[in-house]
Amino acid sequence: YRGVFHGGATLSNFNELQDIIEFIRSKIRENKNIRGYQTILAKVAGCQRSYLSQVLHSHVQLTLDQTAKLAYFWKLDEDETDYFLEMVNFSRSGSKELSAISKRCLQQIKKKKENLANRFKKPRLADNQHESLYYSSWIGSALHVITSIPTLQTEEKIGERLKLPLELVRENLSLLSSLGAVKKQGDLWTATQRSLHLPNESPLIAMHHANWRMKAALDAQYGDNGSLHYTAIHALSRKDIERIKEVILACLDQMRSIVEPSPEEEVICFNCDLFKI
């Protein structure tokens with residue numbers, strides 16, 4: 001995450017006022033090279049510098065108007081702004097009923113932000129039947145992606161690279177063509193939709209994950225020096241679990257920013273698992 005979703009404050013198990021203070025401090029640290037940055041923030045919020053200093057070092061709290069002005073100044077997105085404002089609501093709530101409502105709102109924002117379909121905003125296939133065919137095995141998505149590589153667009157080269165029988169390659173490419181995912185031009189197959197995303201709520205998501213995790217397990221057995229497999233079992237606090245999830249999601253955002261402009265030369269599979277046992 002950027003904005004309110006980094007800088008020490010987690011999206012659940014939060015510590016009321018302290019998380020707001022830590023977030024503002026993190027923004028000041030990020031902009032430490034800007035002279036008088038704290039004075040600039042006070043001016044943006046419409047308060048004296050001394051008042052902002054009290055916010056950072058005592059029980060004095062920001063108003064919702066001041067919070068909204070800072071969110072606009074920092075160019076937070078809608079979810080981040082909602083979260084920041086709701087944190088102030090939570091810290092200022094005078095009853096357990098209002099605190100419960102604010103906490104529920106914060107948890108809803110967290111759930112929305114963690115949904116990868118919302119983060120990536122990538123297209124889906126036309127309908128459920130198409131998705132069932134595409135995600136029925138690892139072969140569909142592998143063939144789809146590999147046809148974006150100029151040097152691997154013939155049936156023979158694809159079969160050799162993926163170690164698949166030529167007839168199976170032809171059968172699956174024909175299927176992908178009927179779904180509108182690839183097209184054939186002469187002897188070459190090319191991807192027509194470069195990026196797809198299957199949302200968490202899809203009944204096919206478990207199958208899709210399982211297909212590629214089985215492939216990862218097989219790759220680990222081969223002992224390829226170019227591969228990287230990591231499994232670790234940890235015991236840690238619930239709050240730190242949330243911190244790790246935020247680190248992973250931020251990593252995914254950064255990875256997507258690298259992948260999207262990258263020229264197609266190789267096909268990789270990236271699996272990332274974090275779950276309670």
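What share of the 277 residues in the protein is buried? Buried residues make up 38%, where buried means under 20% relative accessible area with a 1.4 Å probe and protein chains only.

This is a predicted model, in which local features need pLDDT of at least 70, side-chain atom pairs count only at pLDDT 80 or more, and totals for chains, interfaces and linings use all residues. Residues are numbered from 1 along each chain as its sequence is written, and side-chain values use heavy atoms, with hydrogens and water left out.

**Overall make-up**

The protein has 13 helices and 2 strands. These are DSSP runs, numbered from the N terminus: H or I over at least four residues for helices, E over at least two for strands.

**Helix α4**

Helix α4 covers residues 64–73, and its buried residues are Gln66, Thr67, Leu70 and Ala71. They lie on the same side of α4 because they cover an arc of only 135 degrees around the axis. That arc is taken over the directions from the helix axis to the C-beta atoms. Asp65 and Tyr72 are exposed (over 50% relative accessible area) on the face turned away from the buried side. The cover over the buried residues includes the helices tabulated here.

| Helix | Residues |
|---|---|
| α2 | 37–45 |
| α3 | 49–57 |
| α5 | 78–92 |

After α4 comes Lys75, with a positive phi near 60 degrees.

**Helices α9 and α10**

Helix α9 (residues 138–146) packs against helix α10 (residues 155–162) at an angle of about 125 degrees, with the axes 11 Å apart. Axes are lines fitted to C-alpha atoms over the stretch in contact, and angles run from 0 to 180 degrees between N-to-C directions. The pair is therefore oblique; under 35 degrees counts as roughly parallel, over 145 as roughly antiparallel, 65 to 115 as roughly perpendicular, and the rest as oblique. From α9, Trp138, Ala142, Leu143 and Ile146 make the contact; from α10, Ile158, Arg161 and Leu162 do.

**Thr190**

Thr190 sits in strand β2 (residues 188–191). Its relative accessible area is 17%, so Thr190 is buried. Leaving aside residues up to four places away in sequence, Thr190 touches Thr147, Gln153, Ala181, Val182, Lys183 and Gln185.

Conventions:
Contact = heavy atoms within 4.5 Å.
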